[in-house]
Amino acid sequence: MTTMTREETDALIQEVLEVYPEDAKADRAKHLASNDQSAEKSSKCITSNRKSLPGVMTIRGCAYAGSKGVVWGPIKDMIHISHGPVGCGQYSRAGRRNYYVGTTGVNTFGTMNFTSDFQEKDIVFGGDKKLSKLIEEVEALFPLNKGISVQSECPIGLIGDDIEAVSKKAAAEFGKPVVPVRCEGFRGVSQSLGHHIANDAIRDHMLADVEKVEPGKYDVSIIGDYNIGGDAWSSRILLEEMGLNVVAQWSGDGTVAEMKNCPKVKLNLLHCYRSMNYISRFMEEKYGIPWIEYNFFGPTKIAESLRKIASFFDDEIKANAEKVIAKYQPLMQAVIDKYKARLEGKKVMLYVGGLRPRHVIGAYEDLGMEVVGTGYEFAHNDDYDRTMKEMGNATLLYDDVTGYELEEFVKKIKPDLIGSGIKEKYIFQKMGIPFRQMHSWDYSGPYHGYDGFAIFARDMDMAINSPTWSGMTAPWLKGSDAPAAKAVNE
Amino acid sequence: MPSVMLRRTEGGKLSLYVAKKDLEEIVETVEFETPEKWGGALTLADGSVFYVDPMPEPKLPITVKAKKM
């Protein structure tokens with residue numbers, strides 16, 4: 001089904017790289033590749049997790065985004081203080097749509113922004129006093145919080161504030177976890193290091209004193225599901241229907257109690273490998289809890305994953321898994337019957353982060369669509385190892401793609417749909433290409449689980465088959481004698 | 001002397017993981033593989049060799065100090 005040969009893909013990469021100066025070209029060439037399913041290790045054909053080239057438009061985030069925005073932020077009954085100037089907290093507030101239940105401002109704080117609002121004098125004289133005062137105020141105003149995390153922004157590291165000492169003192173005073181997280185934005189090359197730092201902070205401050213408890217027979221936890229648009233909920237019901245007991249959700253709709261519950265599970269189910277594998281590995285080592293990766297996008301992958309999860313349990317669970325798959329089969333067939341005819345053969349290009357560049361491929365294939373290019377903002381080589389098996393041969397892989405490269409690839413490949421972030425959305429829509437914002441499901445969702453797939457299919461159909469796209473040419477430019485439309489930058 | 005984590009993969013093979021180096025590789029050969037003495041030079045699938053001080057056979061997964069040869 002692949003439309004491009006390896007030679008064509010390689011030629012395209014060369015053509016796009018042409019504009020760069022010699023050094024930049026050599027650097028960027030390592031990050032672009034045509035997929036080779038036979039390669040065992042991705043490191044042979046693609047380089048990842050390297051510093052972005054100065055001067056290009058990268059789409060990456062920072063370590064603070066990885067820690068506060070992804071890992072810590074969704075833990076709903078903790079207060080996450082954005083320690084530093086006001087902007088980082090304000091612009092990352094609630095944008096990721098990590099849904100939760102609770103009364104915001106009373107016992108849950110997910111969509112609120114707590115910040116120490118650094119001013120010039122705090123930079124000059126240090127902000128430790130302000131932080132301890134802030135923690136006192138938070139305690140007085142929101143006594144039902146179950147803990148506080150201090151998410152450092154860049155200046156904290158630059159001026160060398162001792163947030164650990166303040167946190168330790170406050171933790172002793174209030175008898176709650178107060179977690180200093182050293183996730184200054186300048187650390188690392190992307191948000192990926194922020195995930196790692198956040199995982200290490202969870203390990204050191206939340207799980208340090210937690211002892212192994214005898215696991216319940218069917219206890220599992222969902223790790224690395226951020227409940228975007230309700231994703232974790234639509235995953236959770238499937239596991240519960242199978243007879244498993246979900247004791248913890250990390251970290252979408254998650255709580256401190258759930259985190260501390262984790263050492264009593266039998267199996268950790270890891271959805272986003274990139275952001276939470278560190279803590280899963282830690283729990284495997286300390287508590288002996290095995291972890292597996294699963295994929296809840298699209299009926300084929302869901303069935304595969306449910307069987308894989310069930311294989312860790314007894315026959316009853318295995319039988320239940322088959323029952324769940326059989327129960328949803330006709331519903332999913334109805335979805336596919338409805339949308340496949342409208343979507344069959346459409347080409348998709350993805351450029352997102354975390355797990356989506358590989359996990360959603362199955363869902364598109366269920367709808368008869370083909371993913372012709374995919375790439376990650378902040379993946380490591382182990383992510384590409386996993387991706388290469390999922391992608392067709394000779395399809396395009398791009399790591400930390402620049403704004404220019406992505407636009408050029410799109411102009412040449414001409415996909416029918418692009419899935420990427422908000423910064424790319426309007427560029428491509430103005431180029432006349434249907435687009436879905438795949439970071440937070442374009443204000444839709446959930447996309448996980450069987451229920452999510454129905455929504456996913458509807459959204460993709462809405463984007464691609466919208467009548468808008470037939471109105472891209474002005475009426476007076478239609479017809480045979482009209483001058484051909486020409487892009488400004490061609 | 002990086003800290004490396006040794007674990008069994010889903011397929012039952014021994015894998016070595018170095019978080020800081022972003023390296024996860026299958027261990028092809030282990031120099032000593034008796035219950036009393038386990039470790040030594042670990043040869044990875046990509047050809048690199050890590051040396052782990054011999055120890056009694058550990059319960060995996062385990063984090064140990066290893067030296068890149």
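**Cysteines, domains and a chain interface**

Colleague: Why does A:Cys62 count as partly exposed?

Modeller: Its relative accessibility is 29%. Buried means under 20% relative accessible area and exposed over 50%, with partly exposed in between (1.4 Å probe, protein chains only). A:Cys62, at 29%, therefore counts as partly exposed.

This is a predicted model, where local features need pLDDT of at least 70 and side-chain atom pairs count only at pLDDT 80 or more, while totals for chains, interfaces and linings use all residues. Residues are numbered from 1 along each chain as its sequence is written, chains are lettered from A and ligands numbered from 1 in the order in which they are written, and side-chain values use heavy atoms, with hydrogens and water left out.

Colleague: What makes A:Cys262 buried?

Modeller: A:Cys262 has 0% relative accessibility, so it counts as buried.

Colleague: What makes A:Glu284 and B:Arg7 a salt bridge?

Modeller: Their closest N and O atoms are 2.8 Å apart. The rule asks for a side-chain nitrogen of Lys or Arg within 4 Å of a carboxyl oxygen of Asp or Glu, so the pair qualifies. The interface of chain A and chain B has 2 salt bridges.

Colleague: How do you know that chain A and chain B are in contact?

Modeller: 18 residues of chain A contact 11 residues of chain B (heavy atoms within 4.5 Å). The two chains bury about 1200 Å² between them, 41% of it on carbon and sulfur atoms. Buried area is the accessible area (1.4 Å probe) that two parts lose on being put together, summed over both. A:Arg281, A:Glu284 and A:Glu285 supply 45% of the area chain A buries against chain B, more than any other three residues.

Colleague: Within chain A, what do domain 1 and domain 2 bury between them?

Modeller: About 770 Å², 51% of it on carbon and sulfur atoms. A:Arg60, A:Phe378 and A:Ser440 supply 53% of domain 1's share, more than any other three residues. Across this interface the rule finds 0 salt bridges.
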